[in-house]
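Subject: The structure you asked about

Hi,

Here is the structure for you to look through. Open it up and keep it beside this message while you read.

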Amino acid sequence: MVVAVVATSVFLVEIVQGNEVAVVHIPVRGELQARLGPSVKALPEYGPSIMDASVYRDPTRFELERERVLGRHWMIAGRSEQVQGSGDWITYEGHDECIVVVRQAEGSLSAFHNVCRHRGPAIIAEKTGCGARRFSCPYHGWVYDTKGKLVGIPEREDFGNEHVTDIGAIPVAVGEWGGWVWINLAGPDKAVPLLESIGPDISNDLGAFKMEDMILHEVLEWDVPINYKAIVDGFNEIYHVTELHHSPPEFTKATRFASFHVTGDNFMCFVPRPVSLEELGSESYDHHRNSICHYVVFPNTVFNCNPEHLQVFQPIPLGVDRTKFLCWELIYPGDINDPEYASYYKKTMAHWEVLKGVVGEDIGIYDQMTRTKKSSAFNEQILSEREFKIAMYHENMDRKIRD
Ligand code: FES
Ligand SMILES: [Fe+2]
């Protein structure tokens with residue numbers, strides 16, 4: 001699912017006349033590599049394929065994915081702006097893991113499993129909070145500092161000293177990029193560096209949007225009774241926009257000029273806006289200004305960028321066939337009393353309303369997939385060459401759970 005659709009909702013951010021100062025950041029390609037245009041190969045030589053459908057419903061496989069993929073790769077836990085002050089915290093829950101991320105006094109973040117070392121319940125009951133200095137387990141009162149270190153035990157003399165000395169909640173790797181808080185359950189010593197995992201292609205190209213300067217406008221959440229990978233699949237092709245999203249013929253035509261890129265574990269896709277098709281013959285085509293820029297960071301983070309605002313789609317696995325599906329809407333900040341910004345805001349909100357309808361259509365297809373997810377007739381998928389990202393994503397997943 002590349003969310004973009006209607007040409008009539010396309011607009012350009014207005015520039016303050018006279019001094020050329022934009023009221024909001026305008027992403028531009030600048031010196032970055034061309035991603036659409038005459039010298040860009042639009043489609044890798046992968047070809048059509050067939051894939052096994054059991055990957056969506058095999059519980060044994062899901063356990064392997066929990067251990068070797070979800071437990072070893074970087075995933076989003078929230079926005080940096082949600083943990084601004086010292087002791088502010090957010091929690092992440094998915095694939096039977098329970099994590100807390102806390103802002104430290106010196107500005108860094110710490111993350112650890114929200115699991116008491118005594119007998120195992122969650123230490124922190126609330127999903128988010130502010131200004132914590134200590135966390136106290138509600139069962140017997142063991143006390144943890146904001147880095148997860150165990151710093152207090154009632155009636156400590158009754159425990160084996162060697163059992164409770166220098167221990168704490170199990171640490172999780174945490175990083176920030178693009179204004180997002182990322183976590184990796186492999187832990188601080190074993191996690192691949194975050195930027196290495198995102199890779200330079202995506203960190204530079206997506207970096208042009210300056211997500212760190214954007215603000216969270218809204219988060220939508222759905223509980224979807226299908227496997228998370230089936231949701232990721234919907235973002236790894238644009239074939240469905242004509243039928244499911246009723247995109248107008250000019251948009252369907254534009255999708256035929258889209259380019260698809262593989263970069264490490266991740267993908268990029270650029271769909272030209274219909275009004276920019278004539279410019280596609282130019283080497284200087286600016287994909288940031290004139291296309292929908294789309295990035296998939298393995299295993300489950302999807303960025304859908306219009307020049308004016310963007311959506312992050314995050315299917316968080318809850319079980320082999322149940323997913324918490326989040327959609328984060330980011331916009332550029334500004335003074336709503338400034339007429340230029342008010343105009344930007346009004347147009348962006350109008351487009352966001354359109355996109356919410358588009359996401360609703362995707363949710364509708366998940367209902368159809370729910371009905372057939374265990375059907376004896378659903379054993380394989382027939383993929384076109386332009387759906388190759390789906391095939392590659394699942395091949396990558398296969399490799400990871402074998403390693
Ligand atoms: S289980 Fe947490 S203090 Fe006992
Ligand atoms: Fe879609």
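Let's begin at aspartate 96, which sits in the loop between strand E3 (89-94) and strand E4 (97-103). Keep in mind that this is a predicted model. Aspartate 96 has a positive phi of about 65°, even though it is not a glycine. That's worth a second look, since most residues other than glycine have a negative phi. Is aspartate 96 buried or exposed? Its relative accessible area is 61%, and the cut-off for exposed is over 50%, so aspartate 96 is exposed.

Glutamate 155 also has a positive phi without being a glycine, this one about 55°. You'll find glutamate 155 in the loop between strand E9 (150-152) and helix H2 (161-164). With a relative accessibility of 56%, glutamate 155 counts as exposed.

Arginine 156 is in the loop between E9 and H2 too. Its relative accessibility is 35%, so arginine 156 counts as partly exposed. Which residues does arginine 156 contact, leaving aside its neighbours within four places in sequence? They are Asn161, Val164 and Thr165. If you want a distance to check on screen, the C-alpha atoms of arginine 156 and tryptophan 142 are 9.6 Å apart, and the two are separated by 14 residues along the chain.

One more loop to visit: the one between strand E15 (291-297) and strand E16 (301-305), where proline 299 lies. The peptide bond joining phenylalanine 298 to proline 299 is cis, with omega at about 5°. For context, most peptide bonds are trans.

Next, zoom out to the whole chain. The protein chain has nine helices and 19 strands. Its radius of gyration is 23 Å, close to the 22 Å that the globule rule gives for 403 residues, so the chain is as compact as a globular protein of that length. The C-alpha atoms fill a box of roughly 80 × 60 × 35 Å along the principal axes. Buried residues make up 54% of the 403. Of the contacts with a separation of 6 or more, 66% are between residues 24 or more positions apart.

Finally, the inside. In soluble globular proteins, nonpolar side chains tend to be buried together. Here the largest nonpolar core has 86 residues, and Trp182, Tyr295 and Phe303 have the most contacts inside it. Helix H8 (residues 339-372) gives the most to this core, with eight residues. Apart from that core lies another of 17 residues, including Val102, Ile123, Phe135 and Leu150.

Cheers

Methods. Residues numbered from 1 in each chain as written. Chains lettered and ligands numbered in written order. Predicted model: local features only at pLDDT ≥ 70, side-chain atom pairs only at ≥ 80, totals over all residues. Heavy atoms only, no water. Helix = DSSP H or I, 4+ residues; strand = E, 2+ residues; numbered from the N terminus. Rg over C-alpha atoms; globule rule 2.2 N^0.38 Å. Buried < 20%, exposed > 50% of the residue type's maximum accessible area, 1.4 Å probe, protein only. Contact = heavy atoms within 4.5 Å. Core = buried A, V, L, I, M, F, W, Y, C linked by side-chain atoms within 4.5 Å.
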